Amino acid sequence: MSNKLAVEKIYQKKTQLEHILLRPDTYIGSVERLEQEMWVWDFEQEKMLKKNIKYVPGLFKIFDEIIVNASDNKIRDSGMSVIKVNIDKAQNMIKVYNNGKGIPIVEHKDEKVFVPTLIFGHLLTSSNYNDSEKKVTGGRNGFGAKLCNIFSTKFIVETSCKESKKYFKQTWQSNMNKTADPIIKANKDQDFTCITFYPDLAKFGMDSLEDDTISLLARRAYDIAASTRGVKVYLNDKKLPISKFEDYCKLYVSNNTNEPDFLGSNSQVKILYDNPNPRWEIAISFSDIGFQQVSFVNSIATSKGGRHVDYISDQIVKYLGEVVNKKSGKNSTQVKPFQIKNHIWLFVNCLIENPVFESQTKECMSLQVKNFGSKCQLSEDFLKKIASKSGIVDRVLNWLAFKEKTDLEKTGSKSKQSKVRGIPKLDDANNAGTRDSLNCTLILTEGDSAKTLAVAGLGVLGRDRYGVFPLRGKMLNVREATAKQILENNEITSICKIIGLNFKQKYESKDSLKQLRYGKIMIMTDQDFDGSHIKGLIINFIHHQWPNLLKHGFIEEFITPIIKVSKTNAEKAFYSMPEFEEWQKSTLDWHTWKIKYYKGLGTSTSKEAKEYFSDMNRHCIKFEYTGTRDDLAIQLAFNKKLVEERKDWLTRFMQSRNSQTNNYLYQKDTKKINYSQFINKELVLFSNLDNERSIPSLVDGFKPGQRKVLFACFKRNLQKEIKVAQLAGSVAELSAYHHGEQSLMGTIINLAQNFVGSNNINLLLPIGQFGTRLHGGKDAASPRYIFTNLSPLTRFIFNPKDDPLFNYLNDDGQTVEPEFYCPILPMVLVNG
């Protein structure tokens, strides 16, 4: 006997009804039980609850078709005011009633049946086939309520039509296979339509209407109450407390924020509502679990959103993105659109003309925006309200800070490494990263020349326990820096890698330092004010990120003389300017001594370097942590928020500077200092000098750099044109200018600019392109190509006869510019 199937068994033709029952997933979705997280109505707590439920999408779909039809009737009849939904668990029965305009109870001339029979008992019939007619109803494809009939053991239609003055009732059974004759009576008093059906639960693998399913269907009743304006909705004969869309939104958010979010806050939820036009309603709140949306298109619940949701969310995200990026600053990580969207909870209720969905289940609306039939451009006022009152911006900023902190903690060494690669200019200690690493010290120097000095000195101590790494300029003030700035700062990342520091570690115990490649750092900078600032910035970096390290004596400094004086066989070294100045006052013949200034570490010879390192007890100063006072002192110096306190600090210093003697930090027997002493006796000198550099003198209106330029011009008796670049070199030579010539050339250009908003009286002449008002003078030509000269007015303002009367300063034995000039006009007011 052959197993080969007959052609008739392989190729079969089914009726439309048979095909629907055989392949239900094509029409109503899956008829298998699914477990999925969904929003449902919680009857006990009387709120919307998101939880895992077991339900059958197909059963949910056939109910949805009926309830959306009831809502659609409001579009046809604006006088409709009531929708009633009854779910009877005992009888497994569902009833949906609306008091809108009834279905015409007349016989269809072409089909020879009554219109209600045609609508509910014949497939592929619809009033929505005319695509040229713009409709904002839910039905479209001609299946709709017929699918509910097909998947029910019993399906009853009742309708009353004032226009027809008749009442109609008809019953179908056995999946629309058995049709009873319609019952028609006279009735002229009211309009209504009522659909009663008993789902064929066996086809859904169910025995009865389960609690999860009932909770889901009840939620749809609330959906209809929210999305159908002007209609009272009853659920099991109880009027739902939804009078407007905003009331519905509160059922979701007001009771669902008892759990603190990932940032540990427990914020009060605020819903912002807007009704831009009759077809659109928008409500928004913040979300802590990613983007959430609840949306309706013509009363259809689009649980997966669609282009109508994207249309609104894109406007909000674009606006909030600009606000967040402006608030976070250019140095922070720029927020991406999806990161903002993840903090939004959006509610949308809209009417769309002839909507198109991705499938018959209608969970996602796919119609293009241009075909919506209406526009919803959110107003500037509403967007501002979202930015200021919804809490979304604050949460995005908090999330960004949290993310940056997390990213920062991921960086750094996760385990101790014996060798570090990829860091140029590092001279690593031989024992760094080994068992002896706790006894190793990393010397951080101010520039390459200082590194050369340190390396020369280590010839005395050896290289086993000492490593050297040169810093380029001044370190970032990390106290106010963003994590992005810290991560992108090569200096900081290199130091962390060399030492083995991890941003996640606290280093609370002494034993925890064994994880590091170095047990200490030694700061070796020039003994001038800028060197003090570099020391302060390194201390600030360690204190801000790992304050416990200060308690373990992690930081030391290496001091060298700033001035040496000699006479015959006698030699004295001074480690601070106040100490030298005091010696000058107490030594009458100080001018007979040979004075040598050590402006930088590079001034010292290799021989002197070995002398320094041979006497570590004198040159190595330990920083000692003495408690909260040290913490407050470091914060005072580097916390940008303590502006007023810093003003008082500097004022007290200036008042006490002239009255105190012997107030320098490094005495001959100094072995250790605390951080408060460093801040209040050494770093304060830099802070004061920084003010003197930055604030013009009240007497002549000059900053020190500007005064040096004018001094050089007067000394040269500048009469002819000179290139700006050449003049800068001359100023550096004549006035002992110790900083970069680029800065000096900028000062010269600024003194010569004469466009509106620069100088009222320019003391130098701008011969060439010295910049324009449009770019604030930053578009000046290269200093190599532009010329300048003294303005004819300058010597009238600064009379040459006054020159011998001024108190000229002395720099390394060289007479330089005066303490101030005396112009005949108050130049501080003239040029600001």
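This is a predicted model: local features need pLDDT of at least 70, side-chain atom pairs count only at pLDDT 80 or more; totals for chains, interfaces and linings use all residues.

Residues are numbered from 1 along each chain as its sequence is written, and side-chain values use heavy atoms, with hydrogens and water left out.

Q: Why is C440 in no disulfide?
A: A disulfide is a pair of cysteine sulfur atoms within 2.5 Å. The count by this rule is zero. For C440, the nearest cysteine sulfur belongs to C620 and is 15 Å away, so C440 is in no disulfide.

Q: What makes C440 count as buried?
A: Buried means under 20% relative accessible area, exposed over 50%, partly exposed in between (1.4 Å probe, protein chains only). C440 has 0% relative accessibility, so C440 is buried.

Q: Why is C496 called buried?
A: Its relative accessible area is 4%, so C496 is buried too.

Q: Which residues of α21 meet α23?
A: Contact means heavy atoms within 4.5 Å. On the α21 side they are R629, D630, A633, I634, A637 and F638. Their partners in α23 are Y675, S676, I679 and L683.

Q: How many residues of domain 2 are in contact with domain 3?
A: Eight residues of domain 2 are in contact with nine of domain 3. The domain bounds come from an automatic or database domain assignment. Between the domain centres, taken over C-alpha atoms, lie 49 Å.

Key: Helices (H or I, at least four residues) and strands (E, at least two) are DSSP runs, numbered from the N terminus.
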